[in-house]
Amino acid sequence: MSPLVEGFSALLDPTVLLCIAAGALLGMLVGAFPGVTATMTVALASGFTLSLDPLPGLAVLLTIYVSANFGDRVPAILVNTPGTPASIATTFDGYAMARQGRAGLALTSSAFASAWGTLVGVVLLMVAAIPLSRLALNFGPAEMFALVVFGLTMMIGVSGGKVLKGLVAGVLGLLLATVGRDPITGTPRFTFGLAELSDGIPFIAAIIGLFGIAEVMNQILTHRRGAASKPITDFGRWFPRRSDWRTMLKPMAIGSGVGGVVGVVPATGGDIAGILGWDQARRASRRPEEFGRGSLEGITAADTSSNATLGGSVTTTLALGLPGDSVMAVMIGSMVVWGIQPGPSLFANQPDLVYSIAGIMLVATVLALVVSVLRMRGVARLLELPQHFLWAVILVFCMVGTYAVNNSVFDVAVMLVFGLLGLFLRRFGIPPGPVVLGLILGSLAEGNLRRALEIGGVGTIATSPIAVALLVVSAVALAAPPLRSAWRRRHPREDRGTPTPTA
Amino acid sequence: MRSTTFRLTAAALAVTALTAGCADRGGVSEDTTDYPSQDITLVVPYDAGGASDLAARTLAAEMEESLGQSIIVENRSGGAGSVGLQDLAGRAADGYSIGYLPVETVMLGYQGYDVDPADYDLVGQMVSVPATIAVPADSPHETLDDLVKAAKEDPDSVTVSNSGAGSIWEAATRELGATADAEFRPVPFDGGAPAVTAAVGEQVDAVVAGISETAPAHEEGQLRVLAVFDSEPSEALPDVETAGEQGVDVVIGGWGGIGAPAGVPEEVLDKLEEAFSAAAESEEFRTIISDSGNIPVNVPAGEFAEFVESEHARFEQLLGDEG
Amino acid sequence: MSDPRTGPGAPPAEEAARPGSRTRELVPAAAGAVLGLGAFALALQIPEGARLTQFSPRWWPEVLSLALVGLGLAHGAVSLLRPRGAEEEAPEPSTRSGALRLLSMLAAVAGYGVLWYFVDFRVSTAILVAALAFLGGGRGWKALIAFPVVVTAVLYLLFGVLLRVPL
């Protein structure tokens with residue numbers, strides 16, 4: 001008990017609280033800018049925080065980490081542009097809700113879901129860090145490959161009922177993910193001699209293009225003179241009603257479970273977790289057909305899940321000394337310089353520090369939630385700008401934000417090309433979700449499969465219980481919906497009263 | 001902050017560089033006696049936040065003091081570092097553009113990238129990251145000799161993870177195999193941390209990685225470092241023998257230094273070297289580098305140039321047959 | 001900077017103006033199949049690794065490109081066989097003025113890429129924002145002067161000053 005008290009009371013230092021406040025403002029701001037990621041901000045901020053004491057320094061960095069995952073929801077919901085990759089799945093339902101005049105509800109419920117997800121993750125960190133990190137160590141290439149296969153079964157879910165078109169888009173995404181150097185031999189593939197492509201297609205540029213730029217281009221293309229189709233001025237009600245809370249309960253539970261697990265697995269983060277949580281909630285939902293068309297359940301599950309990874313990543317980082325995601329990789333660098341060595345012994349030698357870290361994240365979460373809810377109305381005002389202002393703002397902010405990721409004009413060009421690709425997909429009714437999923441999972445799938453085969457042939461996968469179990473679950477996930485609908489066709493009477501599921 | 005004149009000059013220089021390419025090396029007809037009279041840009045060919053970035057930024061902060069001008073760190077990542085290195089080579093050789101040169105400077109040329117160490121004037125080397133080989137804590141292999149024996153008995157069966165295809169650590173694995181006359185199976189991962197994780201999780205038999213990545217896990221008892229591929233034992237791992245002491249004479253690892261586009265005027269280069277040396281010697285720099293687990297060094301330009309040349313020749317042998 | 005108007009798999013979208021329901025299925029099916037074939041041809045030229053590995057670097061791209069061809073053909077076949085009129089939620093039709101506006105905005109963005117090399121970020125960005133606002137239909141000093149200055153100032157403060165991005 002005493003390390004808990006000690007760790008938390010260390011946060012009462014005004015300097016620390018000030019640092020948390022500064023981190024929250026910076027994090028929310030940069031999170032809301034498409035392109036600028038939490039990783040980049042933490043990396044740049046660590047240049048300044050190294051001169052601080054460890055605790056205030058950690059307060060700044062961890063708070064940026066937490067609050068960037070609130071700020072990035074705002075552009076995802078309002079202009080269909082994920083502020084960071086973690087909010088890709090937020091766009092699925094958030095933007096649809098905004099277009100239906102429910103932007104207010106989308107923003108607040110997203111903030112509450114995000115806060116809930118973060119809290120669950122942090123509680124996991126406090127109670128179960130060591131056993132969870134053991135679990136993480138079991139995820140080698142074979143298990144990662146099986147997990148990714150499970151992720152690929154979501155292709156159908158994110159296709160929005162257009163299965164063939166969705167699969168075409170998904171395979172396109174997987175194919176785009178092969179651009180770059182081969183993960184095992186280093187052979188260049190589809191790079192056309194461009195050094196910029198040898199690390200693959202810049203992912204952030206691609207998603208900003210596919211979602212945000214494509215949306216703006218579509219609006220410009222279909223704009224009618226005089227029609228003055230104001231985008232979203234009607235925000236609807238802001239606070240969830242009692243019935244809304246009841247709807248959000250189940251997806252919150254599913255999202256926190258999915259996000260917690262994905263967060264603990266090394267090298268996977270909020271982007272995958274958001275989509276995975278969204279898809280699991282869709283499968284479990286009684287109204288799966290609403291997912292992707294403005295479902296409150298969808299946005300809740302996505303945001304809970306992607307934020308529940310935060311605690312998991314911190315857990316792996318602190319308990320194993322191995323970075324749980326890219327932000328944590330940067331943070332380990334700072335911790336080491338401060339003389340904090342993350343690893344199993346940290347929990348034995350400095351348990352109060354672990355609780356301080358958890359405490360910082362809790363305070364940051366509450367602060368980010370409060371700021372989100374208070375400030376939403378002001379930010380949402382942005383959308384009341386006339387359309388020509390809004391287009392210019394989105395285009396220019398996306399361009400500069402994308403440039404800033406790598407200081408690269410090439411990335412901006414990629415973003416525009418993917419904007420045109422996204423426009424093409426949209427005009428022909430192909431969902432962009434599977435393309436993004438393919439891009440995220442493609443290199444993980446191939447790299448881990450081939451790594452596993454290098455290590456010990458097919459036996460590596462076949463002898464791993466986790467991998468086999470995950471592959472079985474994937475097969476069931478693929479086979480179950482068609483079987484179920486076939487069964488329902490044959491037994492129509494027993495089906496009465498339940499809404500029809502999608503394919 | 002940066003002045004408009006700087007912006008305009010930089011833009012003008014960029015245009016010059018674009019039109020003239022790297023052809024007019026040394027043709028900068030500027031009065032060099034008042035150097036540096038404006039901000040200096042330091043190109044880092046990696047993302048912000050990594051160990052190289054940290055080393056470069058720390059050094060830059062120290063160099064600012066003796067040069068009396070701001071040094072602006074510019075991260076240009078991509079292409080395994082080649083994007084930033086090419087960018088640096090194409091800039092004006094006036095001393096206002098310098099860059100962080102990693103070991104990849106001498107490797108990428110053999111891996112299909114357009115990078116040549118001859119394109120740079122060297123200022124000095126400041127950091128050294130010896131390679132280490134480590135096994136999981138309950139591995140049956142107690143010494144480097146055990147591991148080499150296992151690889152000899154059953155060639156191509158001992159799996160050794162590394163941070164990526166074409167990385168220095170993969171090259172180190174091959175060098176070890178070639179010297180010990182044994183055949184290891186390198187398994188490239190997507191970054192140093194996943195490679196170390198795979199060894200901690202016992203998915204592979206061993207890992208070759210930089211000392212800063214394996215030493216913490218060694219202290220935690222998650223890994224056992226069998227050998228350091230350096231000429232002398234490391235302060236970070238005093239109980240671990242070098243590979244040479246165990247009869248396998250391999251010295252290999254990552255390193256980092258500062259360079260400029262080739263053709264910088266002599267006086268400017270002298271001033272840079274002086275500032276570099278003072279910075280690399282500073283308490284602040286040495287502490288941060290050794291705290292992060294790497295070895296701070298201060299190798300002057302001439303010696304560094306010889307070293308780079310020998311490394312370039314070595315990797316021609318090691319990587320040249322890859323095609 | 002490459003020409004942003006030609007991307008892999010992104011033919012000029014203006015042609016898609018008000019496509020018939022069958023065209024809307026066949027065009028992407030054909031695009032998928034063609035893209036798959038192209039990728040397969042390119043995959044065949046990937047050099048085999050010098051080192052022996054379980055799978056060659058070509059394997060995965062080849063599998064995927066063939067899958068893309070197969071899926072494209074299947075999609076085409078299904079949409080030919082399926083009765084017409086089953087199409088739901090066609091996108092809003094594009095307009096001629098919208099297409100022109102999009103092209104001119106893209107041209108402005110491309111021009112910006114060039115301008116950036118020669119002129120300070122703060123100047124070139126303000127010009128771009130003004131141009132985009134003008135093309136979008138904004139008129140008057142608020143749209144063409146105040147708005148660009150504010151946007152540029154915000155960008156410069158966040159990126160140039162706060163994040164120290166070399167703009």
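Which residues point one way from β3(B), and which point the other way? Let's start there, hello everyone, and please keep in mind that what you see is a predicted model.

On one side of β3(B) we have B:S97, B:G99 and B:L101, while B:I98, B:Y100 and B:P102 point the other way. Both sets are buried. So the picture for this strand, residues 97-102 of chain B, is a simple one: six of its six residues are buried, and therefore it is largely enclosed by the rest of the structure.

Now, who are the neighbours of β3(B)? One is strand β1 of chain B, residues 40-44, which pairs with β3(B) in the parallel sense over three bridges. If you want to find that pairing on the screen, look for B:L42, whose bridge partner in β3(B) is B:I98. Another neighbour is strand β9 of chain B, residues 253-261, and here the pairing is antiparallel, over four bridges. For that one, look for B:Y100, with B:I258 as its bridge partner in β9(B).

Let's walk on to β2(B). This strand, residues 71-75, pairs with β1(B) in the parallel sense over five bridges, and B:T41 stands opposite B:I72 there. To get from β1(B) to β2(B), the chain passes through helix α2 of chain B, residues 51-67, in a right-handed β-α-β crossover. Four of the five residues of β2(B) are buried, so β2(B) too is largely enclosed by the rest of the structure.

Let me zoom out to the nonpolar core. The largest one has 335 residues, and the members that touch the most others are A:F145, B:V207 and C:L132. Helix α7 of chain A, residues 103-137, gives the largest share of this core, with 17 residues. As for B:V207, leaving aside residues up to four places away in sequence, its contacts include B:A134, B:V160, B:A195 and B:T214.

Last stop: where chain C meets chain A. Here 64 residues of chain C are in contact with 52 residues of chain A. On the chain C side, the elements giving two or more residues are α1 (21-44), α2 (59-81), α3 (96-118), α4 (121-136) and α5 (140-162). The largest share, 11 residues, comes from α2(C). And what is that side made of, by class? It has 40 nonpolar, 19 polar and five charged residues.

Methods. Residues are numbered from 1 along each chain as its sequence is written. Chains are lettered from A and ligands numbered from 1 in the order in which they are written. This is a predicted model: local features need pLDDT of at least 70, side-chain atom pairs count only at pLDDT 80 or more; totals for chains, interfaces and linings use all residues. A nonpolar core is a set of buried Ala, Val, Leu, Ile, Met, Phe, Trp, Tyr and Cys residues joined through C-beta atoms within 7 Å. A residue is buried if 20 or more other C-beta atoms lie within 10 Å of its own, exposed if 12 or fewer, and partly exposed in between; C-beta atoms are placed from the backbone. Two residues are in contact if their C-beta atoms, placed from the backbone, lie within 7 Å. Ala, Val, Leu, Ile, Met, Phe, Trp, Tyr, Cys and Pro count as nonpolar, Asp, Glu, Lys and Arg as charged, and the others, Gly among them, as polar. Two strands pair if DSSP finds at least two bridges between them. A crossover is right-handed if, with the strands pointing away from the viewer, the path from the first strand over the helix to the second runs clockwise.
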